[in-house]
Amino acid sequence: MASVNPPVCDFGWKAPDFSLPDVNGRIWTLADIRGERGTLVMFICNHCPYVQSIRQRLVNDVRELQAQGINTIAIQSNDIVAYPEDGLDRMRQVAAEYGFCFPYVIDETQDVARAYGAVCTPDFFGFNADLELQYRGRFDASRKELAPESSRDLYRAMAQIAATGQGPREQIASIGCSLKWKE
């Protein structure tokens with residue numbers, strides 16, 4: 001399992017639209033999840049140890065960010081034929097087990113991952129109220145295991161975006177498992 005880092009933030013890049021089904025079959029678009037003060041689009045999956053190590057803290061941070069006007073969506077874009085543990089049934093189980101307070105959608109064609117330039121799980125795209133990219137960094141200082149003191153990079157960046165419309169100029173790239181592209 002190769003670890004990869006996404007590129008640095010392209011400030012001002014506009015969020016591409018999408019239309020994707022969640023674990024219950026509801027279709028979500030960018031307009032549906034757009035937050036009053038910002039929007040977090042994250043690419044995650046079920047099997048990646050980087051994602052597994054942050055799931056509960058991620059849900060907690062998203063709950064706090066919702067109160068600040070930030071809405072969130074999680075997109076699973078891995079090839080589910082090669083990685084069946086990332087399929088819809090397991091997505092539904094993970095969402096229920098961890099109390100996901102955001103839509104967890106599947107990108108079976110991988111078109112949305114390509115449109116966003118997603119490269120790994122987790123990969124975070126933090127947009128301001130105008131859907132301009134302001135954050136493309138890590139969740140926190142932990143890797144596959146919890147760091148002794150969490151830096152809460154994602155939370156702090158999105159809270160700053162909610163308050164000012166601008167993300168931090170200094171960002172540390174996320175690290176995670178490469179997206180599992182279809183052959």
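Student: Where is Pro 122 found?

Tutor: This is a predicted model. In it, Pro 122 sits in the loop between β7 and β8 (123-128).

Student: What kind of peptide bond joins Thr 121 and Pro 122?

Tutor: A cis one, with omega at about 0°. Most peptide bonds are trans.

Student: What is the bridge partner of Thr 121 in β10?

Tutor: Cys 177. Strands β7 and β10 (residues 176-178) run antiparallel.

Student: How do you know that β7 and β10 pair?

Tutor: Pairing takes at least two bridges between the strands. β7 and β10 have two bridges, so they count as paired.

Student: Which sheet do these strands belong to?

Tutor: An open sheet of three strands, in the order β1-β10-β7, with antiparallel pairing.

Student: What makes β1 and β7 edge strands?

Tutor: Each of them, β1 (3-4) and β7 (120-121), pairs on one side only.

Student: Why is Cys 177 called buried?

Tutor: Buried means under 20% relative accessible area. Cys 177 has 1%, so it counts as buried.

Student: Is Gln 110 buried or exposed?

Tutor: Buried, because its relative accessibility is 1%, and the cut-off is under 20%.

Student: What makes α3 and α6 roughly parallel?

Tutor: Angles under 35 degrees count as roughly parallel. Helix α3 (residues 55-66) and α6 pack at about 10°, with axes 10 Å apart. The helices are therefore roughly parallel to each other.

Student: Which residues make the contact between α3 and α6?

Tutor: From α3 come Leu 58, Asp 61, Glu 64 and Leu 65. From α6 come Leu 154, Tyr 155, Met 158 and Ala 159. By class, six are nonpolar, none polar and two charged.

Student: How do you know that Asn 46 is buried?

Tutor: Its relative accessibility is 4%. Buried means under 20%, so Asn 46 qualifies. Asn 46 is in the loop between β4 (38-43) and α2 (49-52). Beyond its sequence neighbours up to four places away, Asn 46 touches several residues, among them Gln 52, Arg 55, Glu 85 and Tyr 104.

Student: Why is Pro 103 called buried?

Tutor: Pro 103 has a relative accessible area of 12%. The limit is under 20%, so Pro 103 counts as buried. Pro 103 lies in the loop between α4 (88-98) and β6 (104-106).

Student: Which residues is Pro 103 in contact with, leaving aside neighbours within four places in sequence?

Tutor: Trp 28, Ile 33, Thr 72, Ile 73 and Ala 74.

Methods: Residues numbered from 1 in each chain as written. Predicted model: local features only at pLDDT ≥ 70, side-chain atom pairs only at ≥ 80, totals over all residues. Heavy atoms only, no water. Helix = DSSP H or I, 4+ residues; strand = E, 2+ residues; numbered from the N terminus. Buried < 20%, exposed > 50% of the residue type's maximum accessible area, 1.4 Å probe, protein only. Contact = heavy atoms within 4.5 Å. Axes fitted to C-alpha atoms, helices over the stretch in contact; angles between N-to-C directions. Parallel < 35°, antiparallel > 145°, perpendicular 65-115°, else oblique. Nonpolar A, V, L, I, M, F, W, Y, C, P; charged D, E, K, R; others polar.
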